[in-house]
Amino acid sequence: MSHLKTTVSSALLGAVAIGLTLFAAPAHADTARALLQIAGWLVGVACACIALAGLVVLCRDRRLARGHRDLFLALNDSRDLPAVTRGQLGWGIWLRRLIRRASMGSHLLVGDLVEVRSLKEIEETLDESRCLDGLPFMPEMVGFCGRRIRVFRCVDKILDFAQSWRLRRLQDVVLLAGSRCDGGAHGGCQASCYLLWKGAWLRRVGDDSRRSDERRDERADSVRSPLTVLAEPAASPCYTCQFTHQAAASTPMSRWDVRQDLTPLLSGNLTLSAFCVAMLTRLFNRVQRLRGGPGYPPMSRGTLKKTPVVSYGLAPGDTVRVLDSERIVSTLDEKSRNRGLSFDEEMIKHCGGQYPVAMRIDRILEKSGRMLEMKTPCIVLDGVEASGEYLRFCAQHEYLYWREAWLAPLARSPTNVAAS
């Protein structure tokens, strides 16, 4: 990390020197000189922002080296799943709700309590292919009908994993706290993707504990509904789901569209402090790219032709420590992969952290809709999800997949010890 610190320090000192010089420039009455003065102030502000960005990166780098939680994640703690589930999101959400009320808006915000509409109401919104605006309502979602859940994230865009690998715009879609797909109707897929919910499938309700008199037993509804016949047989070679319909449910989006940065802040996905840290880090990386310097987080490439296979027999409940990035790099090939699985900058935030194992992943759906049986299982860690910081705050919150070679076992759960 020393090369990064040296680069940041030199950039910081240069920016401060230029900024102070321009800020201290004397004012002039002459029009041409006044314009020059304004230009000087603008350059000074830009240099000050670059200097601040350097300080933020140094802070993040130091926290990572000391094993502390990443600064972006720490500042966005009030938006994690437990906080959202409790409805304890701080004053920022109340301010957003006040603005929504003043503007007479009806859009959903993070932390809003909603009730999933009855299955009959939802079916009335679906077309002949059981989709709304190209987004399928899946059999795994039926069990949530009638439940009251808080909005976890407002989704204005997705990363189209299935086809283009580009960010694409979604309209009127949210994630509900803890509502992940269990794969029961899709051959036992273990990806556990967050389910995408259209606003038309939800009803905003107050934070009181009273239930509507119109609520019915949705379990009985789900048994009688023709929607349940959409579950494909286990022997089916190909499946369809929200993952395979990502392109159909979204529209292209320009990389210059500033809404994709501002909408997550305005909808409550991010705190203002976390947003500022992310934007300053992005500014630093762009300046570094222009001058050919290293960005943040620093990513090294592996050198192996054949990557190692490590198996500790990890199971849910075991506790592990994520290795430091340098040791992980030693297990990677030139494409930063181990056995085909990528290690990326989002995962560096968790290096040195200790987490319980949530599950082992052996089979997931491919973009073609066919089931992929993994030769080398992946590990999912409890609470470790993609934050979307480096994808313009993309809010899909998919699990990060880990190789056992990147983890160090610390403790086995009592259940797993007894089983072994």
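**Labels and their grounds**

Author: This is a predicted model. Arg-327 lies in helix 10, residues 325–329.

Reader: Why is Arg-327 called partly exposed?

Author: Its relative accessible area is 46%. Buried means under 20%, and exposed means over 50%. The value for Arg-327 falls in between, so Arg-327 counts as partly exposed.

Reader: How far apart are Arg-327 and Ala-405, in sequence and in space?

Author: Arg-327 and Ala-405 are 78 residues apart in sequence. Their C-alpha atoms lie 9.4 Å apart.

Reader: Which residues of helix 5 are buried, and what puts them on the same side?

Author: They are Gly-92, Ile-93, Arg-96, Arg-97 and Arg-100. These residues cover an arc of only 140 degrees around the axis, so they sit on the same side of helix 5.

Reader: What do the buried residues of helix 5 pack against?

Author: They pack against strand 7 (202–204) and helix 8 (259–266). The face turned away from the buried side carries exposed residues, including Trp-91, Trp-94 and Leu-98. Just after helix 5, Met-104 takes a positive phi of about 55 degrees.

Reader: How many residues of the whole chain count as buried, as a percentage?

Author: Of 420 residues, 48% count as buried. The chain has 12 helices and 15 strands.

Technical notes: Residues are numbered from 1 along each chain as its sequence is written. This is a predicted model: local features need pLDDT of at least 70, side-chain atom pairs count only at pLDDT 80 or more; totals for chains, interfaces and linings use all residues. Side-chain values use heavy atoms; hydrogens and water are left out. Buried means under 20% relative accessible area, exposed over 50%, partly exposed in between (1.4 Å probe, protein chains only). Helices (H or I, at least four residues) and strands (E, at least two) are DSSP runs, numbered from the N terminus. The arc is that of the directions from the helix axis to the C-beta atoms. Contact means heavy atoms within 4.5 Å.
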